[in-house]
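Please look over the fold shown here. The report below covers its layout, its sheet and its helix packing.

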Amino acid sequence: MNDDRSSGDGQPSEVPRRLLEYLAEGLVDEPDEVSVEQFEGDDGTIVLELCVAAEDYGKVIGRGGRIAHALRTVVKAAATGEGCHVLVDIVD
């Protein structure tokens, strides 16, 4: 029983990055302006930085930060399924 997620291709973090990008593109008015930068922390944690157009920050943060919290929850769950730890930052 071989699981495709543990194939050892060296990119288990690609799924959370692509998921965050996909979800953000669905929320904003200018999906072409969405970008996700990926960095690796000292402890192996992967940091995903989400950038959107200036007018779209409110849409990815949401009232009281609810949408941002939901995005972080979904992406962290996907990362856990891939066997990695991810932090999501929304940057200017």
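Of the 92 residues of the chain, what percentage count as buried? The figure is 30%, where buried means under 20% relative accessible area, exposed means over 50%, and partly exposed lies in between (1.4 Å probe, protein chains only).

This is a predicted model, in which local features need pLDDT of at least 70 and side-chain atom pairs count only at pLDDT 80 or more, while totals for chains, interfaces and linings use all residues. Residues are numbered from 1 along each chain as its sequence is written, and side-chain values use heavy atoms, with hydrogens and water left out.

**Layout**

The chain holds 3 helices and 3 strands. Helices (H or I, at least four residues) and strands (E, at least two) are DSSP runs, numbered from the N terminus. Along the sequence the pattern reads α-β-β-α-α-β.

The 3 strands form an open sheet in the order β1-β2-β3, with mixed pairing. Strands count as paired if DSSP finds at least two bridges between them. From one strand to the next, the twist averages 20°. Angles run from 0 to 180 degrees between N-to-C directions, and axes are lines fitted to C-alpha atoms, for helices over the stretch in contact.

| Strand pair | Sense | Bridges |
|---|---|---|
| β1 and β2 | antiparallel | 6 bridges |
| β2 and β3 | parallel | 5 bridges |

Strand β2 covers residues 46-51. Its Glu49 is the bridge partner of Glu37. Glu49 also has a bridge partner in β3, namely Asp89. Phe39 is bridged to Val47 of β2. In a regular strand the side chains alternate between the two faces of the sheet.

The hairpin of β1 and β2 has 5 residues between the strands. Gly44 takes a positive phi there, near 90°. What lies 8.2 Å from Gly44, C-alpha to C-alpha? That residue is Cys84, 40 residues apart from Gly44 in sequence. Cys84 belongs to the loop between α3 and β3. Cys84 is buried, with a relative accessible area of 14%.

**Helices on the sheet**

Helix α1 (residues 14-27) lies across β1, β2 and β3 and runs at about 20° to β2. Helix α3 (residues 66-82) also packs on the sheet, where it touches β2 and β3. The direction of α3 makes about 155° with that of β3.

How do the two helices meet, and at what angle do the axes of α1 and α3 cross? The axes come within 9 Å and cross at roughly 155°. That makes α1 roughly antiparallel to α3, since angles under 35 degrees count as roughly parallel, over 145 as roughly antiparallel, 65 to 115 as roughly perpendicular and the rest as oblique. The crossing is right-handed, meaning that the near helix is turned clockwise from the far one by less than a right angle.

From α1, the contact takes in Val15, Pro16, Leu19, Leu20, Leu23 and Leu27. From α3 come Ile67, Leu71, Val74, Val75, Ala78, Ala79 and Glu82. By class, these residues are 12 nonpolar, no polar and 1 charged. Here Ala, Val, Leu, Ile, Met, Phe, Trp, Tyr, Cys and Pro count as nonpolar, Asp, Glu, Lys and Arg as charged, and the others, Gly among them, as polar.

Methods
Contact means heavy atoms within 4.5 Å.
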